[in-house]
Amino acid sequence: MKKIKIILFFVSFVLANLANPALILAQQDPLYTQYMDNLLIINPAFAGSKENGNVLLVARNQWVSLPNSPITRSFAYQTPTANKNVGLGFSVMFDKIGPQKQTGVYFDYSYFLRVSENYKLGMGLKGGVSFYRVSLTDLITIDPDPIYSQDIYKNFLPNIGVGFFLFSDDTYFGLSIPKLIENTITRDDYETEYVNRQKIHLYTVAGKKFELNDDFQIKSNAMLRFVKNTPVSFQLTGLAGFQNKFWVGGMVRFGDSFALMTQFQATQKMLIGYSYDFTTSELNTFSSGTHEIMFSYDLNIFK
């Protein structure tokens with residue numbers, strides 16, 4: 001059974017690259033369907049931009065019918081401080097795809113300037129470390145190779161990031177690079193031409209909320225992600241709301257997938273969301289979709 005799973009994993013690996021050569025490289029920083037609620041992961045200037053502190057949990061299972069498919073878990077907390085001009089954030093992200101696992105722990109600091117009557121500009125710094133493991137010894141190969149004799153461990157990869165976040169009560173624009181250092185991920189005792197590195201990801205985000213009347217609202221969001229030598233990832237999301245409690249809508253990630261999503265404001269402080277992605281690339285023959293669950297709760301520490 002283990003051999004079958006490994007064979008299937010490599011089949012899916014090849015198919016994924018045929019469908020989109022950037023999938024594996026892009027998986028260094030996972031894509032989220034409900035990205036508009038999870039901006040702290042990619043932009044440190046988002047920390048403290050809301051009136052209240054917030055805890056956010058996200059669980060994402062991608063291509064669920066494929067063995068060794070990507071699994072992502074993230075925890076984030078961001079809050080304004082007492083003087084309202086400074087925001088703080090903390091996040092932990094775990095991501096697994098096949099034999100590769102990574103865990104990132106990051107802290108965020110932001111400072112806000114009022115640039116007009118309605119808009120503030122946040123400037124943020126992100127700092128932290130990543131921990132990588134590639135379980136090469138779990139793979140079964142036809143021709144033995146020394147590189148597969150030991151696992152790859154990178155237990156301390158420091159990094160820093162920057163971000164800008166311009167926002168008002170109903171509109172936002174963001175630009176960020178969460179990791180500026182391209183750390184090398186390979187075995188120190190083995191020289192190979194195939195060297196993996198942490199790629200620099202550039203994100204631009206934008207969103208606006210429309211209050212049609214007391215009962216009906218619309219939220220629109222967009223995200224562009226640039227990674228060197230890979231196709232640009234572009235996502236558009238739209239949600240229709242009823243009394244700011246029930247939200248239904250969808251997301252399209254051009255050239256890759258589309259999703260249906262719903263969110264429910266269970267209490268004044270608690271928001272619960274679910275999305276299901278449909279793969280539109282050639283991988284859809286083997287994948288039964290992607291599940292993502294989001295839980296958000298307002299929690300003020302400094303108050």
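**Strand pairing, burial and salt bridges in a predicted model**

In the hairpin formed by β2 and β3, where 5 residues lie between the strands, K84 adopts a positive phi near 70 degrees. Strand β2, which covers residues 71–80, pairs with strand β3, residues 86–97, in the antiparallel sense, and 10 bridges are found between the two. Strand β2 is also joined to β1, again in an antiparallel arrangement, by 8 bridges. Of the 10 residues of β2, 7 are buried, so the strand is largely enclosed by the rest of the structure.

The wider chain is described next. The protein chain contains 2 helices and 16 strands, and buried residues account for 46% of its 303 residues. When contacts between residues at least 6 apart in sequence are considered, 56% of them join residues at least 24 apart. The chain exposes about 15300 Å², of which carbon and sulfur atoms supply 63%.

Confidence in the prediction is given by pLDDT, which averages 83 over the protein chain, with 78% of the residues scoring at least 70. Among the elements of the chain, β7 has the highest mean pLDDT, at 97, whereas α2 has the lowest, at 38. Over residues 1–27 the pLDDT stays under 50, and for this stretch the model has 42 contacts beyond four places in sequence.

A search of the whole structure identifies 8 salt bridges. One of them is formed by the side chains of K179 and D29, with an N to O distance of 3.3 Å. This pair links distant parts of the chain, 150 residues apart, as K179 lies in the loop between β7 (171–177) and β8 (184–185), and D29 in the loop between α2 (23–26) and β1 (54–61). Residues under 20% relative accessible area are classed as buried, and K179 therefore counts as buried at 8% relative accessibility; D29, at 9%, likewise counts as buried.

A further salt bridge brings together the side chains of K126 and D108, at 2.7 Å from N to O.

The salt bridge between R253 and D256 has its closest N and O atoms 3.5 Å apart. R253 counts as buried at 4% relative accessibility, and D256 is buried with a relative accessible area of 16%. Both residues belong to one network, in which salt bridges that share partners join R60, R253, D256, D277 and E292.

How values were computed
Residues numbered from 1 in each chain as written. Predicted model: local features only at pLDDT ≥ 70, side-chain atom pairs only at ≥ 80, totals over all residues. Heavy atoms only, no water. Salt bridge = Lys/Arg side-chain N within 4 Å of Asp/Glu carboxyl O. Helix = DSSP H or I, 4+ residues; strand = E, 2+ residues; numbered from the N terminus. Buried < 20%, exposed > 50% of the residue type's maximum accessible area, 1.4 Å probe, protein only. Contact = heavy atoms within 4.5 Å. Areas by Shrake-Rupley, 256 points an atom, 1.4 Å probe, with all protein chains shown as cover. pLDDT = per-residue confidence, 0-100. Pairing = 2+ DSSP bridges.
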